[in-house]
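Walk through this structure with me, one element at a time. We start with strands, move on to helices, and end with charged pairs.

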Amino acid sequence: MGIPILILLLIFLFLNPPICYAQHQDQTSHTTVVDVKDGPDSVVWVVQLSDLHFSVHHPDRAIDFKNLVPPALSMINPSLVLITGDLTDGKSEDLLVMKQNEEEWVEYKNVMEDVVKRSGLDKNIFYDLRGNHDNFGVPVIGGSLDFYSKYSINGQLGRSGHVNSVTLTLQAGRQKYLFVGLDSTMSVGLRGPTNLFGHPTDQLLTEIDSELSRWDSQPLKPMSKISFGHFPLSFSASSQSGKALKDIFLKHSLSAYVCGHLHTRFGKNLKRHHSSGHSFLSSQKFFQFNLHQTPSEGSKNCSFGAPPVEEFWEWEMGDWRKSRAMRILAIDRGHVSFADIDFKSGSKRTIILPTFPLDSRFMSTSSSHHEYECEHMLPSSYETVRALVFSVSPIVSVVAKIYDAKNGNLDIVVDASMTKVEDESSRGDLYVVPWNYKAFQDPSGDRFWLQVEATDIMGRTTMTELRPFSVNGLHGKVSWTWKEFFVMGCQWAALYFPILWLGLYFLLLILLIPRAFLFFSRKKITYKNVLAAKGFISGIGLVLQELCRVPIAWFGFLGYIFYLILFPWFAGQVFTEGEDRGYMTYMGWVVKSSNIKSNHDYIGSPDVMVVVLPHLFFVVLPAIFTSGALAAERAVHRDKFLSISGKKKDDNSRLDKSARYDSLGNRRSKFHFGAHWIRLILLVLCLVIGWKHFKNCRSLMKAFEMNPLLHFPVYALAIPLLLAYVIHKTKRN
């Protein structure tokens, strides 16, 4: 009886394979192919969420997610749900201790199970990546403290690789859209704050390259390739061989790389266009000054076998943590567009995403312009205005409005009703209206503006924001604010060591040059020289020269700088639990742990820059100048008194006592009154520096469970002791 039953069971499994959404997975490469069924047959869309930061100290984040996200996902019905990192917060209530909290992970697991159930979506279409917060204090992937592998959806479904790719196919596989997710968190998860950057390895880059090449040999290549991860490229380090994610993405001409990590604290315009063609000496290695990067001009090649333009967009999205943000990203015949939804004011009854024409501010302008010039575009792709409309109520009308801003005003030139693409079984509603796209050619990328308006059966009206478009592929004007440039335009991994060594050399030079000048030259900078020159440089020279006249302070600062270069700064607890400690230098952490077989040298670089650079530029440098200023103030006070009283320079026994009276026996002069306030200001600056240093030390004590006297006495005490000594040495008796 057992054999016939086994045969019948095998036949049943063969005829009814356990698949969802007609998908299958290659277990070795973590690759999934999803046949997207039903209409519309020209467009797919996915949802992105990021930086959830579920926290035991902020239960509202999980509560709002549980209440708002399931209805939205049910209404949108995406083909994929991408959650790009920082699923939990891992921070103490005072934000100073950063390590894994299992209670937060249990909450995340329970909330996601409820979201999947109430949204009606298949759990397999959810891809939740690991962020740096999900990696705080995790000594080894798969270990007891790696709660991500235990509680995340990826972990539960066995997606253990650092690269997971999904291919969405439309029209029975004739159109393909490739999504490649990557986990570039550091292999040994340090506690924060020195866990801030993505660290792609050479192996990871090879795997990403392989996945992005998956369909290149097929006759019909994917129309679009999208990659998703947690870290922006400005916060991603290079691999050991010097390769970067940007190199791989340019090689494959991605449509977009979508990420999180930065939230919206630095601005809502955290987007960046990348292209190739710049020389080795270009500043692009360190900076990109404009949101749009224009590739080098080359000869136009309109042959069908010509390689695509090497460019891609990087789109960081807002966070759920504070902004309650969600993004819908659509691909319509190769045109990629997105809409960001804000749930801070509650749930949405209607959501509109225009899919063509594209927003000219964030379109791949080079390839679009090339496509238009070479007339490679499909007529069906350009001959209609299209928009996806998601609503909980039946929609009775959708209207496309086009405005002309040529005269400085928005003059409406098109006001047309859109019709729904009818389909017996549809994943969503696509509305279209024919137009003469050639009438909207213009040398400006932001002359024409599109707005779509939808009205539901209850009479409620929803409108999209006005967005510029350009059918001939010219970008609309948009610029970063200084904060947006700071986090998106600066390549911090490449900048760390140049900034560090420039800072260290500067500190050494301002100590050594004045000392050498005093030693080899008989000429000294005096207060009278400064007044005569009326120059800032001569004033700085006086300050640094007088610091040299306080030998213990001068040698103390010089020795402290060499200590920071040659020795560990402190030793701390880098993992969530255990007695293993590591020590940090300016090059990174040296970690020795019983949980891992080999030692790790200088990990967490350039992440340590968040500790190193503020200490050098906001503590050590101000302390040197303030100490020199105290010494200079004392010297000026002495010289002025001697010039007024006629005393010799070596008569110091009654200097301060006699200074209280002038030659006529009157009280303090105006000079003494002014000097008193100058010294008082400098003493306040010493207190500010000391308070800043105290706050830094307190943060480090809590972050890495350290005792300042045992684990970082030189770092903690050197600057306060040097300042105290200079204050004492320059006081008036």
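How many bridges join β2 to strand β6, and do the two run parallel or antiparallel? There are 5 bridges between them, and the strands run parallel. Keep in mind that the model is predicted. Strand β2 covers residues 31-35, while β6 covers residues 163-170. Strand β2 is mostly covered. Of its 5 residues, 4 are buried.

Now turn to an open sheet. This sheet has 5 strands, in the order β5-β4-β3-β12-β13. The pairing is mixed. Which strands form the edges? They are β5, residues 126-128, and β13, residues 335-342. Each of these edge strands pairs on one side only. Across the sheet, neighbouring strands are turned against each other by 20° on average, direction ignored.

Strand β4, residues 81-83, is joined to β5 by 3 bridges. These two strands run parallel. Ile-83 has Asp-128 as its bridge partner in β5. A helix packs on the sheet here: α3, residues 102-119, touches β4 and β5. The direction of α3 makes about 160° with that of β5.

Helix α3 also has a helical neighbour. Two packed helices are described by the angle between their axes and the distance between the axes. Helix α2 spans residues 60-76. The axes of α2 and α3 come within 8 Å. They cross at roughly 25°. The two helices are therefore roughly parallel to each other. The crossing of α2 past α3 is right-handed.

Which residues meet between the two helices? On the α2 side they include Phe-65, Val-69, Pro-70 and Leu-73. Lys-66, Asn-67 and Ser-74 also belong to the α2 side. On the α3 side, Val-111, Met-112 and Val-115 are among them. So are the charged residues Glu-107, Asp-114 and Arg-118.

That brings us to charge. Side chains of opposite charge can pair when their charged atoms come close. A search of the whole structure finds 24 salt bridges. Take Glu-453 and Lys-401: their closest N and O atoms are 3.3 Å apart.

Arg-447 and Asp-442 form another pair. Their side chains meet in a salt bridge of 2.7 Å, N to O. Arg-447 has 18% relative accessibility and counts as buried, because the cut-off for buried is under 20%. Asp-442 is buried as well, with a relative accessible area of 12%.

Compare the setting of Glu-546 and Arg-549. This salt bridge has its closest N and O atoms 3.4 Å apart. Glu-546 is buried, at 8% relative accessible area. Arg-549, at 43% relative accessibility, counts as partly exposed. Elsewhere, salt bridges share partners: Asp-60, Asp-64 and Arg-324 are joined into one network.

Notes:
Residues are numbered from 1 along each chain as its sequence is written. This is a predicted model: local features need pLDDT of at least 70, side-chain atom pairs count only at pLDDT 80 or more; totals for chains, interfaces and linings use all residues. Side-chain values use heavy atoms; hydrogens and water are left out. A salt bridge is a side-chain nitrogen of Lys or Arg within 4 Å of a carboxyl oxygen of Asp or Glu. Buried means under 20% relative accessible area, exposed over 50%, partly exposed in between (1.4 Å probe, protein chains only). Two strands pair if DSSP finds at least two bridges between them. Axes are lines fitted to C-alpha atoms, for helices over the stretch in contact, and angles run from 0 to 180 degrees between N-to-C directions. Contact means heavy atoms within 4.5 Å. Angles under 35 degrees count as roughly parallel, over 145 as roughly antiparallel, 65 to 115 as roughly perpendicular and the rest as oblique. A crossing is left-handed if the near helix is turned anticlockwise from the far one by less than a right angle, and right-handed if clockwise.
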